[in-house]
Amino acid sequence: MKIEIETLLKQALTHLCAQGVLPINPGSNPTVTRSKDPQHGEYASNLAMTLAKSAGLNPRDMATAIVEALPASEVIDRVEIAGPGFINFFLNPESNTRAVAQILEQGSQFGLSDIGKGKKILIEFVSANPTGPLHVGHGRGAAYGAALADLLAAAGFEVEREYYVNDAGRQMDILAVSVWLRYLELCGESLPFPVNGYRGSYVKQIAEDLFNQQQHQLREPVLEVLADLPKDEIDGGDKEIYIDALIQRARKLLQNRYDIVFNIALNIILDDIKNDLAEFGVHYQYWFSERSLEKKSLACLEKLQQAGYLYEKDGALWFRSSDFGDEKDRVVQRDNGQPTYFTSDIAYHLEKIERGYDRLIDIWGADHHGYIPRVNAAMQAMGLDAGKLDILLVQFAILYRGKEKVSMSTRSGEFVTLRELRHEVGNDAARFFYIMRRSEQHMDFDLELAKSQSNDNPVYYVQYAHARICSVFRQLKEKNFVYLQAQGLKHLDRLTETHETALIKTLGRFPEVIENSALTAEPHQLTYYLRELANAFHSYYNAHQFLVDDADLRNARLALVEACGYVLRNALSIIGVSAPESM
RNA sequence: GCGCCUGUAGCUCAAUCGGAUAGAGCAACGGCCUUCUAAGCCGUAGGCUGCAGGUUCGAGUCCUGCCAGGCGCGCCA
């Protein structure tokens with residue numbers, strides 16, 4: 001409908017240009033928006049105000065000229081000029097109710113758009129280090145990424161979802177050593193736990209699994225483990241140096257058995273994460289291993305070296321990212337010869353581009369924002385189209401337990417896991433809650449409130465609308481009425497109540513909401529829409545009886561209600577929330 | 001100190017490329033169940049959009065400068 005009006009306006013402009021009223025055709029698409037106020041019709045355009053200056057007319061006269069040049073249309077009842085020069089379009093009542101017929105015809109397909117034209121998008125999200133279970137901070141990225149992916153798919157993009165597994169690097173070694181030390185404790189040894197180690201209880205559980213599987217196969221004498229190590233922080237030393245020394249010691253003593261510890265820790269945690277996300281309704285096509293990039297990383301370094309973007313300083317290898325807008329150069333290879341995480345990431349983005357996507361989306365926690373310029377720099381230096389990459393940031397949810405802030409540190413082990421949250425508030429509430437706010441918005445997540453299962457939770461409000469619709473159709477049978485959809489569609493003109501036209505209008509807006517929220521990467525718009533839709537339905541429900549004796553009216557109303565059910569289900573499924581048939 | 005994000009009703013948040021009278025939910029107050037589920041509906045009240053300038057037909061939105069909060073500024077990831 002919006003497009004039809006835009007087309008009409010375009011035709012009017014062409015006409016005006018031919019007449020010489022307008023100097024040149026502006027070319028750009030006329031702006032048509034939904035009116036907020038019914039007094040301003042269904043749709044409005046600010047076209048006249050934007051063109052007035054170049055035409056040398058005042059906006060109202062410009063509007064008059066445009067309106068006079070508008071071709072006749074069947075869908076438009078009348079056009080008015082209002083305010084400073086808005087052109088308001090009033091639709092025929094039939095054009096309004098035709099949304100109902102369209103919804104019933106398209107069913108679960110209603111709202112889908114082809115605006116994406118099948119372009120291939122890879123969306124990478126969560127990608128938390130497999131050094132511990134997902135916590136509630138990761139949950140927001142999971143809910144946001146999954147909703148955005150489904151939204152883009154609904155808008156006609158070909159979407160693939162990927163989790164980048166950081167299974168290489170120092171953090172994983174720290175985890176492996178933490179597990180091994182806990183394992184040694186289970187063997188009956190007594191030794192200090194490093195300040196920088198992972199202290200979560202899950203580390204002890206992994207150690208138990210390790211012990212059950214390996215018994216004393218991985219046991220080494222404590223004296224040898226601790227011999228000649230530098231001081232840990234607690235003894236006045238440096239915790240980083242200490243843990244690195246401990247990692248070297250573990251590798252040396254365990255030799256090839258080190259990989260057993262490492263892999264068991266990795267697999268247990270990764271399986272847990274996969275399981276957790278699946279239960280949350282978040283699914284991936286790919287789990288991409290950082291370790292698999294080893295060769296590609298070296299190749300990238302070579303390429304950058306040859307292009308003259310690398311130099312040596314202080315024994316390390318640096319990338320001239322500042323040549324591409326980063327605030328300083330970055331290390332790609334440490335003085336110990338190990339490539340940095342950044343190097344893997346260069347290779348990873350090369351890999352993703354090579355796989356042939358039209359667009360890459362990375363969703364990161366906002367604390368990584370300082371990392372964006374160097375990734376863009378690397379892509380440019382590698383000769384890749386950095387314009388294909390969109391990095392979207394999700395602000396962390398600040399957790400509150402009542403009024404008290406909950407500290408969130410994986411290392412200390414004091415965190416609320418995503419799983420705990422899901423079990424306490426339910427998947428539906430968690431999914432809805434997480435994406436209710438704009439992703440760049442800092443979010444206060446009060447656990448007490450979320451756990452309280454109170455009616456404050458808007459997800460119930462929306463789900464209740466759906467349950468009520470299902471209930472109406474159950475009642476239909478009990479009251480020995482019959483619903484004939486075809487009859488209802490024939491008599492849509494009977495739907496003249498204010499609540500009915502309002503509901504129909506809201507339903508008709510759904511495709512626009514999908515397109516808009518997909519293109520702006522703002523799934524929260526969908527939750528606001530759902531609340532509006534549920535409100536329009538509940539108001540209607542309270543104001544009018546659907547199961548009336550007048551068969552034509554009853555069928556028409558039930559057609560409308562059925563259509564409402566479809567849209568509720570379609571919208572809820574995109575954000576991963578269930579549509580219960582009864583509550 | 002520099003960079004990114006944010007600042008809107010008592011609280012949590014919306015507001016379409018810069019559009020018309022800044023909107024919801026919660027909390028508060030007052031109504032509505034003999035009728036398809038009251039997890040609902042209707043109404044009242046609540047605002048100098050952090051502050052000060054600027055841009056223009058028009059600014060919560062764009063620009064500049066302040067103020068406040070969050071995050072980042074590793075040879076961690």
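**Figure 1. Lining of the largest cavity in the predicted model.** The residues that line the largest cavity comprise 5 nonpolar, 2 polar and 3 charged ones (nonpolar: Ala, Val, Leu, Ile, Met, Phe, Trp, Tyr, Cys and Pro; charged: Asp, Glu, Lys and Arg; polar: the others, Gly among them). Tyr144, Tyr434, Ile435, Arg437, Arg438, Ser439, Ala521, Glu522, Pro523 and His524 make up this lining. The largest cavity holds about 50 Å³ of space, and the count of cavities of 30 Å³ or more comes to 1. On a 1 Å grid over the protein atoms alone, a cavity is a set of points where a 1.4 Å probe fits but cannot get out, whereas a pocket is an open set with protein on both sides within 12 Å along at least five of seven lines; lining residues have an atom within 4 Å of a point. Grid points are joined across faces, edges and corners, and a volume is the space filled by probe spheres set on the points. The model is predicted: local features need pLDDT of at least 70, side-chain atom pairs count only at pLDDT 80 or more, and totals for chains, interfaces and linings use all residues. Residues are numbered from 1 along each chain as its sequence is written, chains are lettered from A and ligands numbered from 1 in the order in which they are written, and side-chain values use heavy atoms, with hydrogens and water left out.

**Figure 2. The second largest pocket.** This pocket contains about 1600 Å³ of space. Its lining has 50 residues, and Arg34, Tyr43, Gly508, Arg509 and Glu512 lie nearest the centre. Two or more lining residues come from each of the elements α1 (2-19), α4 (93-106), α19 (498-508), α20 (510-519) and α21 (524-543); helices (H or I, at least four residues) and strands (E, at least two) are DSSP runs, numbered from the N terminus. With 8 residues, α19 supplies the largest share of the lining. By residue class, the lining of the second largest pocket divides into 17 nonpolar, 19 polar and 14 charged.

**Figure 3. Domains 1 and 2 of chain A.** An automatic or database domain assignment gives the bounds, dividing chain A into domain 1 (2-91), domain 2 (101-115 + 456-574) and domain 3 (170-270). The centres of domain 1 and domain 2, taken over C-alpha atoms, are separated by 32 Å. Contact (heavy atoms within 4.5 Å) links 4 residues of domain 1 with 4 residues of domain 2. Domain 1 and domain 2 each contribute at least three residues to the lining of the second largest pocket.

**Figure 4. The antiparallel sheet.** An open sheet of 4 strands has the order β1-β2-β4-β3, with antiparallel pairing (two strands pair if DSSP finds at least two bridges between them). At its edges, β1 (32-34) and β3 (76-82) each pair on one side only. Neighbouring strands of this sheet are turned by 25 degrees against each other on average, direction ignored. Strand β2 (residues 43-45) is joined to β1 by 3 bridges, and valine 32 has serine 45 in β2 as its bridge partner. Helix α1 lies across β1, β2, β3 and β4 (86-91) and runs at about 145 degrees to β1. Axes are lines fitted to C-alpha atoms, for helices over the stretch in contact, and angles run from 0 to 180 degrees between N-to-C directions.

**Figure 5. The parallel sheet.** In the order β7-β6-β5-β11-β12, 5 strands form an open sheet with parallel pairing. Its edge strands, β7 (286-289) and β12 (389-394), each pair on one side only. Strand β5 (residues 120-124) pairs with strand β11 (residues 359-365) in the parallel sense over 4 bridges, and isoleucine 123 stands opposite isoleucine 361 in β11. Helix α13 (residues 372-381) packs on the sheet and touches β11 and β12, its direction making about 170 degrees with that of β12.
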